[in-house]
Number of protein chains: 2
Amino acid sequence: MADVTRKDLFNLPEGLIYLDGNSLGPMPCAVPARIADMLDAEWGGLLIKGWNAAGWMDQPARVGDLVGRLIGAPAGTTVLGDTLSIKVYQAVAAAIKLRPGRRVILSDTGNFPTDLYMVEGLIKTLDQGYELRTVAPEAVAEAITGDVAAVMLTHVDYRTGRMHDMNAVTAAAHDKGAVMIWDLAHSAGALPVDMAGSNAEIAIGCTYKYLNGGPGAPAFIYVRADLADTVEPALSGWLGHRAPFDFTLNYKPGAGIERMRVGTPPVLQMTALEVAMQAWEDVDMHEVRAASLALQEQFIEEVEARVPDLTLASPRDGAVRGSQVSFEFEHGYAAMQALIHHDVIGDFRAPNIMRFGFTPLYLDAGDVTEAVDRLVKVMDGRLWDTPEFQTKSRVT
Amino acid sequence: MADVTRKDLFNLPEGLIYLDGNSLGPMPCAVPARIADMLDAEWGGLLIKGWNAAGWMDQPARVGDLVGRLIGAPAGTTVLGDTLSIKVYQAVAAAIKLRPGRRVILSDTGNFPTDLYMVEGLIKTLDQGYELRTVAPEAVAEAITGDVAAVMLTHVDYRTGRMHDMNAVTAAAHDKGAVMIWDLAHSAGALPVDMAGSNAEIAIGCTYKYLNGGPGAPAFIYVRADLADTVEPALSGWLGHRAPFDFTLNYKPGAGIERMRVGTPPVLQMTALEVAMQAWEDVDMHEVRAASLALQEQFIEEVEARVPDLTLASPRDGAVRGSQVSFEFEHGYAAMQALIHHDVIGDFRAPNIMRFGFTPLYLDAGDVTEAVDRLVKVMDGRLWDTPEFQTKSRVT
């Protein structure tokens, strides 16, 4: 198996084992110098001229292509901007306009809540009898009926790590005439994705998890090439206009994916992300996937052998699991706090899920063994039964 | 007149006179060190723990209060996030739900195009017979009729600098039962604004102009205190949920202004903005206004005396002008390029407007005289008649 590990590219505090790159990736070492240079030479030195002279204006498309390469999106079909929540809204609003006679948006109960919330908000705003229908993740394909305008799913379940069969579900959606939207939050940079090959119409995702773009890094949206000049942008902002600097009073959508841009891009975040993408330049996602699965198998095996109180909540079959492993434990919140206190960072998702992300760019087999050693200490020592680890903070 | 100048707080390249702080403010000197620290100690050192331990999660409200102070918004009524385009959508979508029987959104033809584009997109998405009605800026008050759900105006015209009478227009809107939305893009940090006193329901604005938050700094939204628990967020993202980390499947709006949050905040941008706001700590906006008007009067006087080819496009009466002065000139684009080449940065707005912003925190009377000296050189030398200055770049 090819070695994809490149720990020296990431800023990892001494002694820390970071199993939360599926929530916020660590800082690439190249970020601080590039940001310092951007501040000094670009914002500081060029001021308003930075939009042209430093390439800020084209950055959302330029970085879009870097992300696109990792998700099987042809150049010119992916653009960065906004938050993933906004991109969900944009995607679903565009999709339902492509199927005007239909009134159902289908998703699953394992979807990340904001995806469902944004659709709920869209539906309420539209007030036209749209329905958000959610079914169990396993039941999605069968639930696609002729009244479904769009199927919107997160490819990899944020809680369990269960992965949908992208090609099969997309084919099932298309078979019933529905538009397919994939949220790649837990896929981009985690495993091979072939958007073009899947034939799905729209994909969205975030860049602060596996792509290490930094806290609040912008989201991305992909639209299938043949539809990019057809979709109607509900969020029709000036930077998606065909000629933003003509300042005309009426909106004319830009060419292709550019129309999915909305407002002024966050240049500091874009710059951090653009640097972070350098870590992916010579990475083969199939090699990342193989390495991730190996780490996950090792983790499952060691935990099940040594920590019997934890019950695997992720699919046992690696082929249908993303790049994380989740275990159920009644006192999972406190156990995770105790583990974090011992410098193994994973996270907790209500009600009882201890979640561990695997990111082979900066994790190896030795880290996995050490993480389990510390987990064993936490569990054998019943450290979760300590009041200091039981107080819930707002973000877990 | 009080001296509000504090040039040492800003990174201003030697010899440059920057009259474009109404487009992108210069970098506050404190930004690079704070960002370096944020990268090293927070993202780098705390990783996911930064959301709590470094206060990232509360930053949108915390910085919201700093911005709020400058616009007469009580603590807890302003929150940061997204782009101004998104905030326009959010504001108008909320406003029209407050007036369900009405179908007109009134604005003016001087509004910044993205404000109109976003409403156009909202209307098209709604497909319920809504109408965006635009009238000349001077005709707004009279055009508010009983079918107007919301009046949405930019307080200071981006092109001419003409300023609406906030209290009078708001009263006229309320008189006809319409909701009032003010876009403070060219007001926040430029002149005194009293949102609470105006009684307007909603205000929005950006922070990369007069507030010097950096390229792509987040936007803000204010909702009048008595309505904050009433407005329905169309963009109902997880961070506007009452309990985001409960991960429930249904959206419940958060308390007060928190419901206007949407997705994960851009922490690098928020941090740059939070530092930038330090420059405003002991600033009295009435003093800033007086200093700005003095600089503008001086500029108008000197230009009119020495550059007869330029025609004032801004109101002559300072009381109805924001913090910019615009002149019309047939060859304005090339003239501005030539002036920029001579290190006086203003900008151009189609079709023929040369725009100059006045920002007393880092501009003084000597700068104004020097700027006019260089403008005279450009005009007397007919430098605008040089091919190199006539080629249009994408961003002007």
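The model is a predicted one, and the values given here are computed from it.

We begin where the chains meet. On the side of chain A, 89 residues are in contact with chain B, and 89 residues of chain B take part in return. The area buried between chain A and chain B comes to about 7600 Å², with carbon and sulfur atoms giving 66% of it. Turning to the polar side of this interface, the rule finds zero salt bridges across chain A and chain B, whereas 34 residue pairs, both at pLDDT 80 or more, are in polar contact between the two chains.

Which elements of chain A each supply at least two residues of the side that touches chain B? They are the strand β3 (27-28) together with the helices α1 (31-46), α2 (50-53), α4 (84-97), α5 (113-126) and α9 (267-276) of chain A. Of the elements on this side of chain A, α5(A) gives the most, with eleven residues. Sorted by class, the residues of chain A that touch chain B comprise 47 nonpolar, 27 polar and 15 charged ones, and it is between these chains that the count of salt bridges is zero.

Within chain A itself, the division is into domain 1, made up of the segments 7-29 and 284-389, and domain 2, which covers 55-280. The C-alpha centres of domain 1 and domain 2 of chain A lie 28 Å apart, and the contact between these domains takes 32 residues from domain 1 of chain A and 23 residues from domain 2 of chain A.

The area buried between domain 1 and domain 2 of chain A is about 2100 Å², and carbon and sulfur atoms give 64% of that area. Between these two domains of chain A the count of salt bridges is zero, while 13 residue pairs, both at pLDDT 80 or more, are in polar contact. On the side of domain 1 of chain A that touches domain 2 of chain A, two or more residues come from each of α10 (285-306), β12 (324-328) and β15 (353-357) of chain A, and α10(A) gives the most to this side, with four residues. By class, the residues on this side of domain 1 of chain A divide into 17 nonpolar, eleven polar and four charged.

Notes: Residues numbered from 1 in each chain as written. Chains lettered and ligands numbered in written order. Predicted model: local features only at pLDDT ≥ 70, side-chain atom pairs only at ≥ 80, totals over all residues. Heavy atoms only, no water. Contact = heavy atoms within 4.5 Å. Buried area = accessible area lost by both parts, 1.4 Å probe. Salt bridge = Lys/Arg side-chain N within 4 Å of Asp/Glu carboxyl O. Polar contact = N/O pair within 3.5 Å; in protein donor to acceptor, adjacent residues only side chain to side chain. Nonpolar A, V, L, I, M, F, W, Y, C, P; charged D, E, K, R; others polar. Domains from an automatic or database assignment.
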